[in-house]
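Me: Please take a close look at the aromatic rings in this structure. I would like to know how they pair and what sits against them.

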Amino acid sequence: MNRAKWLSVAILLSLFSCSVSAFTLDDVAKKAQNLADKSFDAPKSNLPSQFREMKFADYQQIQFNHDKSYWNKLKTPFKLEFYHQGMYFDTPVQINEITAKSVTPIKYSPDYFNFGSVKHDPDSVKNLGFAGFKVLYPLNKADKNDEVMSLLGASYFRVIGKGQVYGLSARGLAIDTALSSGEEFPRFREFWIERPKPNDKHLVIYALLDSPRATGAYRFTVYPGRDTTIDVQAKVFLRDKVAKLGIAPLTSMFLFGPSQPSKVLNYRPALHDSNGLSIHAGNGEWIWRPLNNPKHLSISTYTVENPKGFGLLQRGRAFSQYEDLDDRYDLRPSAWVEPRGDWGKGKVELVEIPTADETNDNIVAFWTPDVLPDAKHSLDLNYRLHFTRDEDKLHSDNVGYVKQTLRSTGDVKQSNLIREPDGSVAFLVDFIGPVLSSLDPNMPLASQVSVGDNGELLENSVRYNPETKGWRLTLRVKVKDEKKPIEMRAALVNGDKTLTETWSYQLPADE
């Protein structure tokens, strides 16, 4: 081949390589917009009835062969493993690999899996497809691959950092959550994953979202570490009108804890993946809302323009606060959403759903914008997700925060020193933080407290807590109508200066 021809071929190969490797969010956005222009085509299950009707114990027997991890033979710190279809995970998702030269589907094979005692016809599963996938990375030890991210079911994904175990979930999008019309669950129908280079410390995943009334294109850049973070870019298109659009939704579980003790004798003081909603408003205010397991569906909204952050947190990391050797609630991560750019006017919404046990996620939190895009324009989103056990680092040093909320039967000490219940409900709120520990313990801090019309404030006192080097607020509230909830707010002040976040609590109706 002469030099001119060789150069021409080299240029063409170079252009082809660039055009393939330059796979971007815009490529997925075009697919999402094309989908949005068409009527929704519901996904069709190709799952044999034996797999669809199996119980969870049977589904758990289908395990991925770890020695067949994708990229196992490549010099890359990341590996992929796949989930088999089964139970309600009954529709396949397409998973593709992006390299410098091509975009190639990752083909399903039953050889990836051990089926345990699940008897099946090999021919019935040979062309099934995957239900989802998980990302592995040497998170805790250099010579051991750990799960760092799991994507399975609708648009759900779970993420952990070093020394953490799976707890709450994040989602791509939520539609009409807790409305009487019923919730719509968008799903990721296709993924594209960039093959990482040997020294890469991050992984890039693209996802195409689809549902009857919305489509979306997502780019996740995953950074594993002590705190695993994910940079999220998304373009959402609406097919039809939506009453409520949930942006950056988080889903968790709260069964009981010191703010709402278990009514059944239990050796565990608390059982929850998260115990509060934290909000950093655009005006700088910090809000802490302890979670409840109410008897009836409860929705709380916080009007916030251009939020600086919000998340479902697990405050309290001592094992003694949970005493659970199996499920290790003390190691479950908090999730914090950090918006990039201005999100405009909207609300952070908290949904609390009654649950009788810890197997049901009953807590949802998300941002919902006041103005939704029309069918011709996308809603462009940019935010970072933090999965952490270092909740104190989420706060500014100049703002105190709530360490714990304790709820008890209200009582009054009698002249004989015996405490007698007086029909009230007591709350003890411990505020801590550098701004408080630096103060003179004798400083007479005060509180700003408001109680809704359904409650009468009987006690409001503040005292120094030498064990936390913070201050404890004690409130006693008389409930007027037990069939109605009570809204309460409180913060510590020094003169006209607010020292802490706002404790915003809803005492649920007791009926």
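Reply: What follows is a description of the aromatic contacts. The model is a predicted one, and 31 aromatic pairs are found in it.

One of these pairs joins Phe-23 and Trp-192, with 5.6 Å from centre to centre and 35 degrees between the planes. Phe-23 has a relative accessibility of 11% and so counts as buried. Trp-192 is buried too, with a relative accessible area of 3%.

A further pair is formed by Phe-188 and Phe-191. The centres of these two rings are again 5.6 Å apart, but the planes make an angle of 65 degrees, giving an edge-to-face pair. Phe-188 counts as buried because its relative accessibility is 2%, and Phe-191 is buried at 3%.

Elsewhere, ring pairs connect a set of residues into a cluster. The members are Phe-51, Phe-64, Tyr-70, Trp-71, Phe-82, Tyr-108, Tyr-112, Phe-113, Phe-115 and Phe-130.

Arginines also sit against rings. The charged end of Arg-315 is placed over the ring of Trp-288, at 3.7 Å from the ring's centre. Arg-332 lies over the face of Tyr-329, and here the distance to the ring centre is 4.2 Å.

Methods. Residues numbered from 1 in each chain as written. Predicted model: local features only at pLDDT ≥ 70, side-chain atom pairs only at ≥ 80, totals over all residues. Heavy atoms only, no water. Phe/Tyr/Trp six-rings, centres within 6.5 Å; stacked < 30°, edge-to-face > 60°. Buried < 20%, exposed > 50% of the residue type's maximum accessible area, 1.4 Å probe, protein only. Lys NZ or Arg CZ within 6 Å of the ring centre and 35° of its normal.
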